[in-house]
Structures are given as structure tokens and as C-alpha cells.
Amino acid sequence: MQFHHHGYVSHDPRVLPAEGLGIDRPDALPDEVDVLIVGSGPAGMLLAAQMSQYPHVNTRIIEKRDGRLVLGQADGIQPRSVETFQAFGFAERIVAEAYNIGWMNFWGPDPENRQNIVRTARTADYAYDICEFPHLIVNQARVLDYFAEAAADGPGRIVPDYGVEFVGLTVHGEGEYPVEVQVMDAGEERTIRAKYVVGCDGARSGVRKAIGRKHVGNASAHAWGVMDVLVNTDFPDWRTKCAINAEAGNILHIPREGGYLSRMYIDLGAVAADDDHRVRQTPIEEIIRKANEILHPYSIDVKDIAWHSVYEVGHRVTDGFDDVIDGSGRTPRVFLTGDACHTHSAKAGQGMNVSMQDGFNLGWKLGSVLTGRSPESLLATYGAERKPVAQQLIDFDREWSSLMARKPEEISDPQELATFYLGTAEFPSGFMTQYTSSMIIGTDAHQALAAGFPLGKRFKSAEVTRVCDGNVIHLGHHARADGRWRVYAFGDASGERLNTWASQAADVFARFTPADGDADAVFDVKAIHQGSYEDVEVTTAPELFAPKTGPLGLTDWEKLYAAGPSKWNDTDIFETRELSRDGVVVVVRPDQYVAAILPLDAVDELGAFFDGALLPAS
């Protein structure tokens, strides 16, 4: 990471200097705010961390709880989420404390005694076959803690306003603060006026109800008990993720962080039509008994129960992700994220992960509009992009849940569940999302120039050598969730066309960069040469690749990279990502999705793309 560009300081470099409203942030919740986030779940806390990078935007986050979440229900962290944590600066720390899913084993009835179970398959987890990030298990509360730290340590110094409960809202047609929000604060009802409101308040969302949106879908007639437990057991795969299919029912077993704790999803069977949710009162003793019945001939001796619950599988998607219901085309003022707009089973490990991507998608868009970087029309792309993703999630989860709930006699191939788990890995890992053409996703006319960076998909990093010091790094890992666009210019063999592009494109970037801001305040432009790093001299690079930034006007030495072989790197990004040897420009959005692919001589097209996504700097 880069720091000291404001002068030498010896404190934690992750704590950024306070700016704007973060300098004297008032403790009391003000009467008027730019963005009011309702709920401090995964989407809300990521959104707060992102908005802290826009310190001149007045953002507050309210939560009806009195303090931080103590026991979270979600725990599965997919590789795309870890990649997102990297952008927020805490991936390494959370990986160190999490349980890393290296394998998933499958168990079924013993052919010689079907009342017993036997291991039928050992499968390596999909994470490292897809990307460089692991598949983790860690409690939701810890994820929220890390995002809370990022929000509090960002320039905006955002911290949740605990003990404040959402009551209702009204959207007015005009005015600087058109959303009137009623809350209970310290036992008294009061009104807050906001430019935008984001409902991150869960499956029973009051914000969703207030804007007239509805969950569409239904619950399946099947119940599961779930418990986080500390046990002694003779089950040999207790510290390995397992799908267990037995005559007595099914278990999804997931070891938790710390080496001792594990989570078990225990099949409680079909629910009668007239049950009226009575199954939710199933005592924990019955859940443990059922678990032991399924595990036979093995057993668990439960020593401690950290948390348990019973739920009926439901699959619902809200009919819209913002408050524009009448098709009027007006600017959305209220948005829904996470469980407020999609609910499903927990067994696919998607809820927290997809919710965080909702927040990541929306955050930079709100920040861009409120700082004058982008037109208000950008906000309509949130629902347009995230609603199809939610529907894909529901469809996937419905199939996975059905497979998990089958009886042994319904399974013709014992390897079917393992095959499905590995064969569909790209979706649950979080890497199948692909946004379609819009004001922030260009056309695929030049996709062939960068086949390994599919347009609309997240930027898939690869290793390159940093020219200034010869160190090998992942190109995408240098990007932070700071609201900037990334532009990667992959050079031609001689580098001449790359240098010409740099001199011409500089005018495009200058058009959208504030005159009083750093040269890279809006765009982080990097060059990747085809040859070895020894063949490139930093001091001869075009100014675009060596900008002087910060109050001291220091040269940024970390914009130049090389793809050629070196002692420490035998990966050629041009080969691994199928990049044209004639050079290519890859534009990446602030949320890490590939937005445009252009040849080096298409500077006018580059300008036209940003004319649609951004506003000229005033």
C-alpha cells in the first residue's frame, strides 16, 4: 500500500487522514443528510465503508440495535467477497482468522447397511481453481467489524448511529432533501430529511414496505435446523466441509473458524401445509437427536451451543430495487439491498456475499453522483444490474436446496451432488456476474483484443512485475475501493503506440479531473509493457504514468508494470488473459467490473465512453 505522500507519519497507515465532514463529524444525528443508510448488515456496513471515501458527502447509518452485532447468522465467504475485502484493505487479516475451505467431502448410505453412512467422495474446493482468493468461513459479526473499521478509519469517519429505529418515510417530488424519514431516536420520534435512503434492513424491511415494494416468491415446504456447536465426536470429517445424505435425512456440515466450532444444517423434513410455522419451535434437543440419527454410526456429544435456529426455505425477489414504480423515469431516491430485496436458503453460502456486492455496486454510484462526477441517471443502473443477479441467485439456490433435501432413493448417481457442486462453482464463487451494455458498460466490439477480460465481468487479476522495484504483484490487488476508475493500458511490442496513447488520452482524463485535485483523483491509469521490467525506465515514462500527487507533489512510481519474464515471475499476463500484442486498453469501474475494451488508437471512443458515464469537471 502507498502512504507518506502527505508527509511522514508513524501511525497505522490504514487510518487515512480525516477530510471534509470527517474532520468534525457531529455525534448527534443531524436533521439533514445526503445519504441515510438504514441497517448495519453486510450491505449497509460495506456501503458505509465505501461512502467514507467521499468525505464531503454527509452519510449516516442508523441501526436499531444498541451496538455491534454479536452473533451473526451468515458465515460463508466466497472468493469474490475476499477479493472485495482486498479492495477495502483487510483481506489478509480476515483470511488469517477464518476457516479456509480446502475440501468438501460427500457422504451417503452404506450399501451394506443403509442405516449407516460412508464417505462417497473427496473433492478439492473450487476456490483456487477459479482465482487466487480462498473460500472462507468466518462469522458475519467479524465481517461487519472489519467494514466498521474501514468506515471509521476512512476520510469520512463514518460510525453507526446505534439505537435509532426506522419508522417510515415519504418521498416528495421536489426539494434538496426530498425524502422525509421518521425514526425513533432516544425514545422520541423525529424527522430526518435525506437526498437518498438505502434500505439495508433485512428480510422484514421497513424501507421496502414504505416504498410499496413486495417480495415475490414463496417458501418451500421443508424445514432445517441450524446450530453452531462445540462437540466431541468420532465423525472423522468434523473439520472438513461435508454434504451428508442418509436414510434419516441430510446434513450440511461446515467447520467454523478457530479450530473447534462447527455449523450444522440438519434436515427436519417436510412441513405440513397447516403447520403455521410451528416447526420453528423445534427444541434444540430434537435437532441434536436428529443430527445423531443422520450421522449414525457416528455421533456428536454437544458441549456448548453458540447459536441455533430453525427456518423454512424461502425464495423471494423484490419486484424492484428502488422506489421508481410508475415507470416515470425519475431519479430513484430510495434503494433496497441485501435481504431487503432477495431471500433464499443459507446452504449455498450466498446471502451475505450477494448483499455485499449490492452495496459495492451502489456505493460508488451514490458517491459519484453526489460529488458531481456523474449524472443522476447513473443511479438507475443499480436496480437494472442487481435485480437479474438476484434472480440468478434464487434460481441457483432453488436447485441446490432441492438437491440437498433429496432422499437417498431419489439419487441415481452418488456423485451427482459433488458433480453439481464443482460444475457450478463459478456462480457461488461470485464470478459469474456479468453486467450488460449500459452507460457504464461499453460494447463488445473489441472484446477479441482482451478475451481474458470479459466485458461486464469482474477484472480477473494476474501477476505482473512492478517496474520501479522489480516486485511481483497481482495487478488487480493494487486497486482500492476509493471510487476511482481503473484504466489499464497494455502496450504494444515497441511501446511507441502506448506512449502515443498516453499523450492523447491525457486530455480525456483531464476533462473529468478537477483542476484543484490530484492528477489521478478520478482515474488510476497504469501501463503494462510486454517486455521485461529491466527494459523499462521509470524516469522516461509519459507523465500520465508518473503523475505528481499529494500536497508535496511526489511522483507516483507505481503506475508502470511489465509482463515479461523475470527471476520471480514466469506469468505473462498477455498470454494468460489473451491480450492483443498490438496493445489494448481495459477500463475497469470502481467496483472492479470491466467497463470498456478499446484499441490503443481509439482515444475518441475512450472519450465518448466517459462522456456517457461522467460529467466534465467544473
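Reader: Which residue stands opposite Ile77 in β7?

Author: Happy to start there, with the reminder that this is a predicted model. Strand β7 covers residues 136-137, and β3 pairs with β7 in the antiparallel sense over 2 bridges. Within β7, the residue opposite Ile77 is Leu136.

Reader: Thanks! In the open sheet of 3 strands, what is the strand order, and which are the edge strands?

Author: The pairing in this open sheet is antiparallel, and its order is β3-β7-β4. An edge strand here pairs on one side only, and that holds for two strands: β3 (76-77) and β4 (99-100).

Reader: Is Asn361 buried or exposed?

Author: Asn361 has its place in helix α8, which spans residues 351-370. Buried means under 20% relative accessible area. Because the relative accessibility of Asn361 is 1%, this residue counts as buried.

Reader: Nice. With which side chain does the side chain of Asn361 make a polar contact?

Author: Let's look at the surroundings. Leaving aside neighbours within four places in sequence, Asn361 is in contact with Tyr382, Glu385, Arg386, Tyr435, Arg589 and Asp591. The polar contact of its side chain, at 3.3 Å, is with the side chain of Tyr435.

Reader: How many residues are in the largest nonpolar core, and how many are in the other core, the one with Tyr435?

Author: In the largest nonpolar core, Phe147, Trp485, Trp501, Phe509, Phe523, Phe545 and Phe610 touch the most other members. Apart from that core lies another, which includes Tyr435, Ile441, Val464 and Ile573.

Technical notes: Residues are numbered from 1 along each chain as its sequence is written. This is a predicted model: local features need pLDDT of at least 70, side-chain atom pairs count only at pLDDT 80 or more; totals for chains, interfaces and linings use all residues. Side-chain values use heavy atoms; hydrogens and water are left out. Helices (H or I, at least four residues) and strands (E, at least two) are DSSP runs, numbered from the N terminus. Buried means under 20% relative accessible area, exposed over 50%, partly exposed in between (1.4 Å probe, protein chains only). A polar contact is a pair of N or O atoms within 3.5 Å; within protein, one must be able to donate a hydrogen and the other to accept it, and residues adjacent in sequence count only if both atoms are side-chain atoms. Contact means heavy atoms within 4.5 Å. A nonpolar core is a set of buried Ala, Val, Leu, Ile, Met, Phe, Trp, Tyr and Cys residues joined through side-chain atoms within 4.5 Å. Two strands pair if DSSP finds at least two bridges between them.
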